[in-house]
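These are my notebook entries on a single structure. I set down what I looked up, entry by entry.

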Amino acid sequence: MTQIPIGRALIRRALISVYDKTGLEDLASGLHAAGVEITSTGSTAARISAAGVPVTKVEELTGFPECLDGRVKTLHPAVHAGLLADTANPEHEAQLAQLGIEPFQLVVSNLYPFEATVASGASPQECVEQIDIGGPAMVRAAAKNHGSVTAITDPSRYADVLAALAEGGFTLDQRRHLAAEAFAHTAAYDLAVASWFAASYAPDEISRDVGWPEVAGALWRRADVLRYGENPHQRAALYKDLSTERAGLTQSGQPSGIAAAELLHGKPMSYNNYVDADAARRATYDFTEPCVAIIKHSNPCGIAIGTDLADAHAKANACDPASAFGGVIAANGPVTAALARQIAEVFTEVVIAPGFDAEALDILSKSKNVRLLKCRAGLGGDDPPQTPPGLGGTFPPGPPAPPSGGNSPGDPSARPAGGNLLAAMEWRPVSGGILLQSVDRVREPGDDPANWELKAGPAATAAQLEDLAFAWKACRSVKSNAILLASGGASVGVGMGQVNRVDSSRLAVLRAGDRAAGSVAASDAYFPFADGFEILAQAGVAAVVEPGGSIRDHLTVTAAQDAGVALYFTGVRHFYH
């Protein structure tokens, strides 16, 4: 085995073949000025030549024309021998000389936009045509042979290339790092292609029936190293999913989710900060009305809607002021000065919002301990359609719709090229595997109060029905078993995370105190017995909404009828574990 040279690798010849031609002219001009001989393909060569830079077309090098509509350009020994030759190996050098082939020291290539083509809804045939073959082959060859060749796949690296030219080439450490980037680039590309085939283009029978592809994958990029994990003895880091970023699936090209939030002020986020911030965002961004949630250990200790965000915060804080201390607050609209002044009165770990008014930012920034996160989305601003990790914008969330025109579900022409992106996906690691599911949104028919079924008691008043609708939506953000008492568009008592619904009911009533009388309640799942419901009724709760579905529902219905409490069934459950 030959030794990889430790020093810099002088760049004498470069092979350039790019789809994204950002910065191409400046790169080519800089290479030429440094005496580098440039070989290029097709439209890339044309752009370089149009910039007045000498360039050798690849067909001149190979003696073989580009053919098959450009499918075959660089797949030739005259190219790949020049990429894969280990110039530290005398035998390789001798073979190159015998074959009359000169080695390359630099490859610049980015690939056909497969993910973006799929995401655009293009036809299957168009998507297949955007599967790059020659590009990944060149990139992988150069990355493998990083002892002799530098691989560049990102136009943002062009400035590094020009800087390296002035230094006599890239160092071995630099070439190793760029090789790692190159392999990550091709891995993400191959993952997107494989996922699209499994999910949309060539699904197996199970995928055709229920929408879950045979294979799924993930590729993540490290975004931050955290001080520690959930506990000080645990290590932790934040990684971002590359699939939606590469496919351009986010609104206005902006990343979404708490991982993409911008820290405007304060200390770096901790692992627990991220967990609670995500829970807070989940709670508030469900609502179209101005909404504020205060989160502790992933559960709301207060959540409310109001005439404005300051009003919503005041009501949310009143639910459980003791627990609000040291909490994480999310608002679903820009933080105003009025809201900021209220938040500043209570020690708060993190504030998440789509934006902060200048005065609000100034008020909150006076505390060095609070972290201010700007997180995209706003009133009613759920994320745009997302895909599970690594699926490259192709993942169907459920059984495919019956095709029109008599085609079978397995016929690629009957399935949208981009898959169905109408539902977001979430995943959870388990030992030895991963669970995928569509994200639980409060958008089922049973989530609409107009579709609720009154099972017992008098019909709720208009005001009570508004509170029931709020409580039902807010309850989704409470860990199961969940009971949420509400009044006036605000939680007044929350029972969360208990191993039985009786204890959750007791806890909610205990926290509400006198406010339980006349309030309404939501339960994220049915009452298996009447005892949990009876605790609410005895506390003076006037109306209850729950999914129903227990084999003992008649016991709860009878208890509600006897207590004169309005009882509504939704027919939909919202467990949250």
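**Entry 1: the surroundings of T570.** I listed the contacts of T570 (heavy atoms within 4.5 Å) and found G446, W452, W472, V545, E546 and P547, not counting residues up to four places away in sequence. T570 sits in the segment after strand 21 (566–569). I take helices (H or I, at least four residues) and strands (E, at least two) as DSSP runs, numbered from the N terminus. T570 counts as buried because its relative accessible area is 7%; buried means under 20% relative accessible area, exposed over 50%, and partly exposed in between, with a 1.4 Å probe and protein chains only. I also noted that the T570 side chain reaches the backbone oxygen of V572 at 3.0 Å.

**Entry 2: basis of the values.** The model is predicted, so I note that local features need pLDDT of at least 70 and side-chain atom pairs count only at pLDDT 80 or more, whereas totals for chains, interfaces and linings use all residues. Residues are numbered from 1 along each chain as its sequence is written, and side-chain values use heavy atoms, with hydrogens and water left out.

**Entry 3: the cores.** Of its 50 residues, I258, I303, I352, L373, L468 and L484 touch the most other members. Helix 18 (residues 462–475) supplies the largest share of this core, six residues. For L468 I recorded contacts that include W452, V520, V545 and Y568. Another core, of 25 residues, lies apart from the largest one; among its members are L309, A340, I363 and V370.

Entry 4: I found an open sheet of five strands in the order 3-2-1-4-5, with parallel pairing. Its edge strands, strand 3 (56–57) and strand 5 (150–152), each pair on one side only. Two strands pair if DSSP finds at least two bridges between them. Strand 1 (residues 13–18) and strand 4 (residues 106–110) are joined in the parallel sense over five bridges, and I16 has V108 of strand 4 as its bridge partner. Helix 8 (residues 134–144) packs on the sheet and touches strand 1, strand 4 and strand 5, with its direction at about 145° to that of strand 4. Helix 9 (residues 158–167) also packs on the sheet, touching strand 1, strand 4 and strand 5, and its direction makes about 170° with that of strand 4. For these angles, axes are lines fitted to C-alpha atoms, for helices over the stretch in contact, and the range is from 0 to 180 degrees between N-to-C directions.

**Entry 5: helix 4.** In helix 4 (residues 77–84), I noted A78, V79, H80, G82 and L83 as buried. The buried residues of this helix pack against strand 1, helix 3 (58–62), strand 4 and helix 8.

**Entry 6: strand 9.** Strand 9 (residues 291–296) is largely enclosed by the rest of the structure, because five of its six residues are buried. With strand 10 (residues 299–305), strand 9 pairs in the antiparallel sense over six bridges, and C291 has I305 as its bridge partner there. The two strands form a hairpin with two residues between them, and H297 in the turn has a positive phi of about 50°. Strand 9 also pairs with strand 11 (residues 327–331), antiparallel over four bridges.

Conventions
Core = buried A, V, L, I, M, F, W, Y, C linked by side-chain atoms within 4.5 Å. Polar contact = N/O pair within 3.5 Å; in protein donor to acceptor, adjacent residues only side chain to side chain.
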